[in-house]
Amino acid sequence: MASQPSPRRRRRPRRGSLARPVNGGLYRASFLVAALPLLLLAFTVSTPPTLAKPALPGSFDTASTLTLVRDLSTQFPNRIPGSAGALGAASWFSDQLRPYGLTSATESWTQRVPGLGEVPLENLIAVAPGPSQSSEEIVVMAHRDDIGVGPGANDDASGTAALIELARAYAHPQSLVHVQSARTIVFLSTDAGAYGGLGAVHFIRNWPYAHRIVDVIDLDAIAGGGRASIEIGGDRPRSPNASLVATTVARIAEQTGRPPRHVGFLGQLVDLAFPYALYEQGPFVAAGIPAVTITTGGDRPPAPFGDDMAAVDTAKLGQLGAAAQQLLGSLDVPAELPPSSSSFVWVGGGRVVHGWAIELVLVALLLPFAVAIVDLYALCRRHRVPFGPPMRALRTRLLFWLFALVVFTCFRLLGAWPQGPPRPPDPGTAIAGHWPAAALIGLLVVLLAGWLLARRRLAVRRPVRPEEEIAGYVVALGALLVVGLLVVATNPFALLFVLPAFHIWLWLPQIRIARPPVRLLVFVVGLCGPAIVLGSLAWRYGLGFDAPWYLLELVGIGYIKTFAFAIVLAATAAATQLAAIAGGRYAPYPDAAERGPRGPFRELVRVIVLGSRARRRRAATG
């Protein structure tokens with residue numbers, strides 16, 4: 001019986017061909033560039049010094065503080081900014097300090113608060129002056145207001161009561177107790193702290209001695225049942241100086257028996273990549289002023305429901321109040337702490353990594369992607385692959401997303417989105433989860449109409465040749481490289497969100513011959529980086545399925561800047577082109593012979609443009 005011929009082995013596509021366009025060896029070799037930044041990062045790991053514990057023992061009166069918590073939360077349970085309860089709480093705060101010789105000055109202003117409208121606000125400031133030769137100030141602060149759902153015994157009657165107890169120790173020398181400070185101590189009771197830290201922002205902008213502030217201690221919900229924690233994030237990719245944080249950790253650990261909780265390594269990177277702070281240290285850190293918040297609430301303020309005296313942990317109130325007093329004593333010395341103008345990340349064991357070293361590593365990880373894109377472009381040029389049609393297709397997608405930005409801005413100007421200062425709303429307020437259904441539906445309808453007009457030039461009219469698909473990939477990936485460079489120019493930490501997509505989507509041209517479900521799976525996996533932002537808001541801050549709307553709300557009120565939003569939309573345009581190719585729905589921009597007849601809208605625009613040109617020619621010829 002004659003032997004059957006063996007089946008021909010399927011040959012692997014040749015390197016450098018359009019069937020195998022990505023140069024894997026060059027790509028892998030480019031990662032060697034990241035070795036030097038990684039080495040520098042290892043050498044920047046350090047242990048920040050901790051300031052010494054005060055020589056005098058603490059005298060924090062827990063019983064007296066608990067009485068103040070009860071008085072404030074029962075007399076004024078509803079302290080929504082601008083309400084009668086808020087005005088009463090302000091008078092109550094001043095009355096508590098007056099017997100000790102401390103008078104409080106009032107900063108009054110009117111501001112639009114999302115969900116409340118225009119309301120009058122008040123900050124109360126009591127100053128314990130230091131020696132005449134000292135020009136440095138320490139700010140100890142807490143917000144008086146609540147969101148009106150519960151009496152706010154923990155959030156933040158506990159912080160306000162502790163603030164009063166700390167101020168009594170620095171009262172006038174004629175009082176029964178007095179501590180002579182080495183620096184001026186400013187005791188600040190803010191308004192609208194539960195609505196984005198508006199009181200803290202106003203204080204920074206209007207306090208005439210803001211340039212003298214060297215440290216800020218914020219007390220917020222310090223009597224809850226949760227573990228003691230500290231918050232150090234800011235509204236910009238900055239960190240307070242590490243010695244302040246290390247000293248805060250040490251003073252809390254001495255009182256509670258265990259170090260306070262703070263967000264882990266990845267969470268700190270996310271906070272630097274997407275600066276977002278709900279507590280009032282955020283505006284100070286963004287302004288370059290070292291600040292830290294002591295709380296039991298965790299990443300977000302505690303739930304307002306059931307926030308009455310039954311939920312107040314007396315032991316925790318005494319421990320964190322005493323820790324704040326000891327921390328103030330450690331800071332109230334003529335010691336130099338570096339300013340809060342840089343960033344760092346805690347890596348465990350009391351050690352930190354400088355932020356600039358992490359930025360270098362992230363930028364270095366962008367380089368292999370850039371090298372691969374340049375090599376892909378050179379390959380296409382060698383094979384004489386035209387780039388004009390895919391570039392025009394990408395231009396159409398960019399114009400559509402620019403149209404989306406313009407429409408979103410118009411809706412904002414018309415008042416469709418919440419109005420107010422560029423501050424993050426408290427996730428516990430109704431405005432954070434209130435989807436304006438009518439406005440969102442109207443936005444979607446307008447965008448759908450715009451897409452129906454744009455897609456006429458992107459519809460599939462014929463089979464797409466392999467070189468056209470490769471060109472579409474290269475153009476979209478090149479656009480993503482430009483997006484990456486813009487991210488580096490604005491906030492290099494934000495590369496954390498885009499690098500996974502860049503390095504995963506780079507291989508889409510390599511698997512062009514795979515089945516569409518495989519290509520789409522690779523595309524979806526690349527979305528893991530952007531999903532970190534939504535996951536952080538949904539899980540860490542308890543927003544759940546309201547996270548997408550909350551992000552849009554941050555854009556609508558201006559907390560996320562328009563330029564950053566435009567970068568996101570540009571990346572979306574490139575990503576949609578990649579998705580269209582991976583899903584088999586891509587078509588290069590058609591030439592004149594392939595275009596269909598103009599629709600009524602385009603014909604109207606053509607008539608108007610041609611008529612305008614004709615009038616100008618007639619006017620020019622006299």
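**Exercise 1. Find which residues lie nearest the centre of the largest cavity, and how many line it.**

Solution. Start at the centre: Ile232, Gly233, Gly234, Val263 and Asp271 lie nearest to it, among 24 lining residues. This is a predicted model, where local features need pLDDT of at least 70, side-chain atom pairs count only at pLDDT 80 or more, and totals for chains, interfaces and linings use all residues. Residues are numbered from 1 along each chain as its sequence is written, and side-chain values use heavy atoms, leaving out hydrogens and water.

A cavity here is a set of points, on a 1 Å grid over the protein atoms alone, where a 1.4 Å probe fits but cannot get out; lining residues have an atom within 4 Å of a point.

Next, the volume: about 230 Å³, counted as the space filled by probe spheres set on the points. Then look at who supplies the lining. β6 (229-231) and α8 (265-273) each give at least two residues, and α8 has the largest share, with three.

**Exercise 2. Work out how much space lies in the second largest cavity, and which residues lie nearest its centre.**

Solution. First, the space is about 120 Å³. Now check the lining: of its 15 residues, Asp146, Ile147, Asp155, Pro302 and Pro304 lie nearest the centre.

**Exercise 3. Decide whether Trp356 is buried, partly exposed or exposed.**

Solution. Find Trp356 in helix α11. Its relative accessible area is 44%. Buried means under 20%, exposed over 50%, and partly exposed in between (1.4 Å probe, protein chains only). So Trp356 is partly exposed.

Notes:
Helix = DSSP H or I, 4+ residues; strand = E, 2+ residues; numbered from the N terminus. 1 Å grid on protein atoms, 1.4 Å probe; cavity = no way out; pocket = protein on both sides within 12 Å on 5 of 7 lines; lining within 4 Å.
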